Amino acid sequence: MSDLAHAFERVRARISSASARAHRDPADVALVAVSKTHPCARIREAHALGQRVFGENYVQELMQKADELADLPGLRLHFIGHLQRNKAREVARVAHCVETLDSLRLADELAKRVDAQGRTLDVLIQVNVAAEEGKSGCALDQLSELIAHTRALTPLKLEGLMLIPPHDEDPEQTRPHFKRLHALATEHGLTHRSMGMSHDLHVAVEEGATMVRVGSALFGAR
Ligand SMILES: *Cc1c(COP(=O)(O)O)cnc(C)c1O
């Protein structure tokens, strides 16, 4: 078995055991393989192992990869980086999901661009749950308005919420933020909670993650 196949097995096993602890079905946790900075050849290798959903942070890299990988059946690209409005048109052309919607103006711009392409786009709202100064993500006191606004924009399909917590080596320190995102999604009747990365995905799954974004545990260090 290849190193990459082993890495996928290990991550899947972590998702399964965390799901079991939380009495959840592991099939309810989607794995977004974060392929940023890794070459297309690695994505092809992962695709051959059955992986279909990949996460990218940088617009230019997303565009290049979308172009180079256009032949891969069922490929889904999630944009997970900070998105500036002047890049919305490009991203709207190739992404299947934008996980980092965080403002009314960006929602309007994305809706306009997606509509012009005759497409629809799944979106998640990134929430600044920890109220970190100067960080991207929708502020808690603006979340209800952004949810209502996004729901009214028909080219966008609001699927859930996304969290990038303050970095902490100890996943237990992040657990309260995972709990909060889960509660917010429930409160607003949203299905998806995108939370958990390589070092803390097990805790995120225990707290209700339906998407985990995993880079280094699959593809190695960047
Ligand atoms: C890079 C990145 C990840 C993956 O991080 P790893 O620690 O490599 O698993 C997940 N989410 C976002 C938003 C990222 O930028």
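**Figure 1. The lining of the largest cavity, by residue class.** In this predicted model, the residues around the largest cavity comprise three nonpolar, three polar and two charged residues. Here Ala, Val, Leu, Ile, Met, Phe, Trp, Tyr, Cys and Pro count as nonpolar, Asp, Glu, Lys and Arg as charged, and the others, Gly among them, as polar. The lining consists of P165, P166, H167, D168, T174, M197, H199 and D200. The volume of the largest cavity is about 30 Å³, and a search of the whole structure finds one cavity of 30 Å³ or more. On a 1 Å grid over the protein atoms alone, a cavity is a set of points where a 1.4 Å probe fits but cannot get out, whereas a pocket is an open set with protein on both sides within 12 Å along at least five of seven lines; lining residues have an atom within 4 Å of a point. Grid points are joined across faces, edges and corners, and a volume is the space filled by probe spheres set on the points.

**Figure 2. The largest pocket.** This pocket holds about 270 Å³ of space. Its lining has 18 residues, of which Q126, E132, K135, I164 and P165 lie nearest the centre. By class, nine are nonpolar, seven polar and two charged.

**Figure 3. The second largest pocket.** The volume here is about 190 Å³. Of the 13 lining residues, V34, K36, M197, R213 and R222 lie nearest the centre of the pocket. The lining divides into five nonpolar, five polar and three charged residues.

**Figure 4. The packing of helices α5 and α6.** Helix α5 (residues 104-116) packs against helix α6 (residues 143-151) at an angle of about 15°, and their axes lie 10 Å apart. Helices (H or I, at least four residues) are DSSP runs, numbered from the N terminus. Axes are lines fitted to C-alpha atoms over the stretch in contact, and angles run from 0 to 180 degrees between N-to-C directions. The two helices are therefore roughly parallel, a term for angles under 35 degrees. The crossing of α5 and α6 is right-handed, that is, the near helix is turned clockwise from the far one by less than a right angle. L104, A107 and D108 of α5 meet E145, L146, H149 and T150 of α6, where contact means heavy atoms within 4.5 Å. These contact residues are three nonpolar, two polar and two charged.

**Notes.** Residues are numbered from 1 along each chain as its sequence is written, and side-chain values use heavy atoms, with hydrogens and water left out. Because the model is predicted, local features need pLDDT of at least 70 and side-chain atom pairs count only at pLDDT 80 or more, while totals for chains, interfaces and linings use all residues.

Methods. Parallel < 35°, antiparallel > 145°, perpendicular 65-115°, else oblique.
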